[in-house]
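Welcome, and please open your viewer. Could you load the model shown here and keep the selection tool at hand?

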Amino acid sequence: MRTKPFVIGATGAGADSDVFPTVLRKMFKLPVKLVAGYVSAAEVVVAIKRNEVDGRCGWSWSSLMSWNRDLYESKQIDVVLQLAAKKIDELSHVPLITDLAETDNQRPRSN
């Protein structure tokens, strides 16, 4: 994940699909290339199916399971990173973003 570049589809500036990969690239130094301008999240899914992009960010687990469960279950897509404070039970094998933290700025701060 740290060395292999990947292309993420996004809908536009300010959307989760744009903000999350930008944070991953800038804060965690992940090799993410962002392709923005898709009309909707559904269009990003079509782009994934066409192999135009490798994936998307900011896709909630509940949304994925509601709208695109078949893609996950058929292994057409894979969840490679959780952008959350706590792991989802079904994704216990998938690292949290904090698992990639190498510096204090990348780690959550305790209150």
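What follows is a short tour, one selection at a time.

**A word before setting off**

Please keep in mind that this is a predicted model.

**Stop 1: the largest pocket**

Start by selecting Arg56, Asp78, Val79, Val80 and Leu81, the residues that lie nearest the centre of the largest pocket. The lining of this pocket takes in 31 residues, and its volume is about 880 Å³. Next, colour β1 (6-9), α1 (16-27) and α3: these are the elements that give two or more residues to the lining of the largest pocket. What classes of residue make up that lining? There are 21 nonpolar, 6 polar and 4 charged residues. As for how such spaces are found, rolling a probe the size of a water molecule over the atoms shows where empty space is left.

**Stop 2**

Asp78 counts as exposed because its relative accessible area is 57%, and the cut-off for exposed is over 50%. Between the C-alpha atoms of Asp78 and Val94 the distance is 9.7 Å, and 16 residues separate them in sequence.

Is Val94 buried or exposed? Val94 is buried, with a relative accessible area of 1%. Show its surroundings: leaving out residues up to four places away in sequence, Val94 touches Val79, Val80, Leu81, Gln82 and Lys87. Val79, Val80 and Leu81 were among the residues nearest the centre of the largest pocket.

**Stop 3: the aromatic pair**

Select Trp61 and Tyr72. The structure holds 1 aromatic pair, and these two residues form it in an edge-to-face arrangement. Their ring centres are 5.2 Å apart, and the angle between the planes is 90°. Trp61 belongs to helix α3 and Tyr72 to helix α4, so the pair ties together parts that are 11 residues apart in sequence. Both Trp61 and Tyr72 are buried.

**Stop 4: Asn68, in the loop**

Move to Asn68, in the loop between α3 (61-67) and α4 (69-73). Why does Asn68 count as buried? Its relative accessibility is 12%, and buried means under 20%. Show its contacts as well: beyond its neighbours within four places in sequence, Asn68 meets Val45, Trp59 and Ser63.

**Stop 5: two salt bridges**

Side chains of opposite charge can pair when their charged atoms come close. How many salt bridges does a search of the whole structure find? It finds 2.

For one of them, select Glu73 and Arg69, where the N to O distance is 3.3 Å. Glu73 and Arg69 are 4 residues apart in helix α4, so about one helical turn separates them. Glu73 is exposed, at 52% relative accessible area, whereas Arg69 is partly exposed, at 39%.

For the other, select Arg50 and Glu52, whose closest N and O atoms are 3.5 Å apart. Arg50 is exposed at 56% relative accessibility, while Glu52 is partly exposed at 40%.

Asn51 sits in the loop between α2 (41-49) and α3 and is exposed, with a relative accessible area of 69%.

**Stop 6: two lysines with a positive phi**

Most residues other than glycine have a negative phi. With that in mind, select Lys29, which has a positive phi of about 60° although it is not a glycine. Lys29 is in the loop between α1 and β2 (32-35), and its relative accessible area of 63% makes it exposed.

Finish on Lys75, another residue that is not a glycine but has a positive phi, of about 65°. You will find Lys75 in the segment after α4. Is Lys75 buried or exposed? At 73% relative accessibility, Lys75 is exposed.

Technical notes: Residues numbered from 1 in each chain as written. Predicted model: local features only at pLDDT ≥ 70, side-chain atom pairs only at ≥ 80, totals over all residues. Heavy atoms only, no water. Buried < 20%, exposed > 50% of the residue type's maximum accessible area, 1.4 Å probe, protein only. Contact = heavy atoms within 4.5 Å. 1 Å grid on protein atoms, 1.4 Å probe; cavity = no way out; pocket = protein on both sides within 12 Å on 5 of 7 lines; lining within 4 Å. Points joined across faces, edges and corners; volume = space filled by probe spheres on them. Nonpolar A, V, L, I, M, F, W, Y, C, P; charged D, E, K, R; others polar. Phe/Tyr/Trp six-rings, centres within 6.5 Å; stacked < 30°, edge-to-face > 60°. Salt bridge = Lys/Arg side-chain N within 4 Å of Asp/Glu carboxyl O.
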